[in-house]
Amino acid sequence: MLLRLRAIAHHPVIRLVLAYLAGASTALGFAPYALWPIYPLAMAFALGHSRRLTPKQTFLYWLSFGFGCFSVGISWVHVSIDTYGGLPLIASLGLMAILALYLALYPALAAYLSIKLVPKSLTLRFLAVFPAAWVLTEWARGWVLTGFPWLWAGYSQTNGPLAPLASNIGALGLSLVLAMIAGALALTFTHRADALDSNGPRSFSLRVAPLLLITPLAGLGAFASAQLSPITSTGKSVKVALVQGNIAQSMKWQPEALWPTMIKYMDLSRPSLADTDLFIWPEAAIPAPEYMVEEFLDNANKVANLNNSAIITGIISKQQNRFYNSLIVLGNHQQLQQESADYRGDGSNEFRKHHLLPIGEFVPLEDLLRPLAPFFNLPMSSFARGDFQQPNLDALGHQLAPAICYEIAFPEQLRANVNAGTELLLTVSNDAWFGRSNGPLQHMEIAQMRAIELGRPLLRATNNGVTAVVDPQGKITHSLPQFETGVLKAEVPLVSGSTGFARWGQTPLLLLCTIILIGAVIRKLRL
């Protein structure tokens, strides 16, 4: 009976279906489910199930695994395409399938490289070469064609016991650890781990040894990272108010909604003026270019200034006939006491989004694509790109390193903007595009990982959720319900110190993985 079940599981069609289901199950590892053991278990199953396949079969197997990961894990992308894209359902589903299939190429390439380089030794393949290839292909997915680093394996551990490791090795480092644990699991439950295996007790000990070594070491590393953290309290704090306007996406860019929207944010902020230092309004909270709303900005600047506070708001800025998705500071900049009551609007103390969202904020080959469908002609889809590295925003003398919406998913960009004086991480977004899907919750999870990596409290203000405050350990300390208008008030303790990841970034990890693959190539050539 067992042999019959194994034969069925390895039927070419059933095999690919099982690979797809294993990949689809990984979505449970991410928000809102956060079942952190799922990802390494699914990966271990796929490694064991595909261990005897040819390189071509392996590629197709992991292509199916990856297609399961992304067709389910980022199915929320379809919400924006279907609701705002103006495409027939079959066309929007087709676009989603193409995107998921493209992203699936990366895990397929990792598995293909590992079996081509190490066709015989499962121990070497599962514990070293496959994890290294997995990390490098995840990294590549984060920059090829502007990058889509969503659903890195490491993000599945944001709320798991291994999360503290990210303060030294980052989310990609967690991906390496998970792939190694998955490899050790696959060896443990594989009947023939490598050519050394036999049916005796010694062979079982050989198979189980990696799991008994790697898993406790990972747990010990996480414990040490938490207990020996260089991040310490300064004894100071800042009082913040994050304003969630809950403006309907269908109304956000309508001209008649501009003044009601701005007045709503001001009215929501006004009751907290007496006891708040920083007000954070979300991405494009002011949905118009600065020059069109100078009267409102000047008034808001005076209100904040007279109350010894500052307002950081999303807005459309314009410099030299180029438009930017930006954050500006109104009110007090360098100090608590009142400064100039006049709004400057000169481009200083401003952050301009660098990593633009394809289609949403810029359209590649726009002369060809824009006429095809409304999907390629969304509001404000012709932004210019800000610099990769920019000065921190200065509000009441507090230094904030910003990231607007999608760019919070790019760890090296935010790291490049964090310096010794940075006190807070700030990200603003408008996730109303994605309705009640998992997308905004996964977005929040990614932001939590940045707080762990860089060892700073993180403020996240959004139009309709998730608006939250995150501590340097990545835990949400304060939050607002989604899809409700509200103001989140919190007193945020400030910290000092620098994490290993803040100092070194991804470079050591990428070098290690590259060296492993080069070693595998040399070994292959010598055999």
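Start by selecting strand E5, residues 322-331: 8 of its 10 residues are buried, so the strand is largely enclosed by the rest of the structure. Buried here means under 20% relative accessible area, exposed means over 50%, and partly exposed lies in between, with a 1.4 Å probe and protein chains only. Helices (H or I, at least four residues) and strands (E, at least two) are DSSP runs, numbered from the N terminus.

Before moving on, a word on what you have open: this is a predicted model, in which local features need pLDDT of at least 70 and side-chain atom pairs count only at pLDDT 80 or more, while totals for chains, interfaces and linings use all residues. Residues are numbered from 1 along each chain as its sequence is written, and side-chain values use heavy atoms, with hydrogens and water left out.

**Around E5**

E4 and E5 run antiparallel and are joined by 10 bridges; two strands pair if DSSP finds at least two bridges between them. To see one of these bridges, show threonine 313 and its partner in E5, isoleucine 328. The two strands make a hairpin with 2 residues between them, and glutamine 320 in the turn has a positive phi of about 55°.

Now bring in strand E6, residues 350-352, which runs antiparallel to E5 and is joined to it by 3 bridges. Serine 326 has arginine 352 in E6 as its bridge partner. Keep arginine 352 selected and show tyrosine 324: the arginine lies over the face of that ring, at 4.8 Å from the ring centre. A charge sits over a ring if NZ of Lys or CZ of Arg is within 6 Å of the ring centre and within 35 degrees of the ring normal. For another example, select arginine 436, which lies over the face of phenylalanine 483 at 4.1 Å from the ring centre.

**The six-stranded sheet**

Next, select strands E7 to E12. They form an open sheet of 6 strands in the order E7-E8-E9-E10-E11-E12, with mixed pairing. At the edges are E7 (393-395) and E12 (476-479), each pairing on one side only. From one strand to the next, the twist averages 25°. Axes are lines fitted to C-alpha atoms, for helices over the stretch in contact, and angles run from 0 to 180 degrees between N-to-C directions.

Show helix H15, residues 439-454, against the sheet. H15 packs there, touching E9 (424-429), E10 (458-462), E11 and E12, and its direction makes about 160° with that of E10. Contact means heavy atoms within 4.5 Å.

Zoom in on E11, residues 468-470, which pairs with E12 in the antiparallel sense over 3 bridges. Valine 470 stands opposite isoleucine 476 in E12. Then step back to valine 466, in the loop between E10 and E11. A cis peptide bond joins glycine 465 to valine 466, with omega about 5°.

**Aromatic pairs**

Colour Phe, Tyr and Trp: the structure holds 19 aromatic pairs. Rings (for Trp, the six-membered one) pair if their centres lie within 6.5 Å; planes under 30 degrees apart count as stacked, over 60 as edge-to-face and the rest as tilted.

Go to tryptophan 62 and phenylalanine 65, whose ring centres are 4.8 Å apart with planes at 50°, so the pair is tilted. Both sit in helix H4 (residues 55-73), 3 residues apart, and are separated by about one helical turn. Tryptophan 62 is buried, with a relative accessible area of 1%, and phenylalanine 65 is buried at 0%.

Compare tyrosine 406 and phenylalanine 410: their centres are 5.2 Å apart and their planes at 80°, so this pair is edge-to-face. Both residues are buried.

**Last stops**

Which residues does phenylalanine 296 contact, leaving aside its neighbours within four places in sequence? They are Trp259, Met262, Ile263, Met266, Trp281 and Ile286. Phenylalanine 296 is found in helix H12, residues 294-306, and is buried at 5% relative accessibility.

Finish at helix H3, residues 38-49, where 9 of the 12 residues are buried, including Tyr39, Met43 and Leu47. In the loop between helix H2 (12-25) and H3, find proline 32; the peptide bond to proline 32 from alanine 31 is cis, with omega near 5°.
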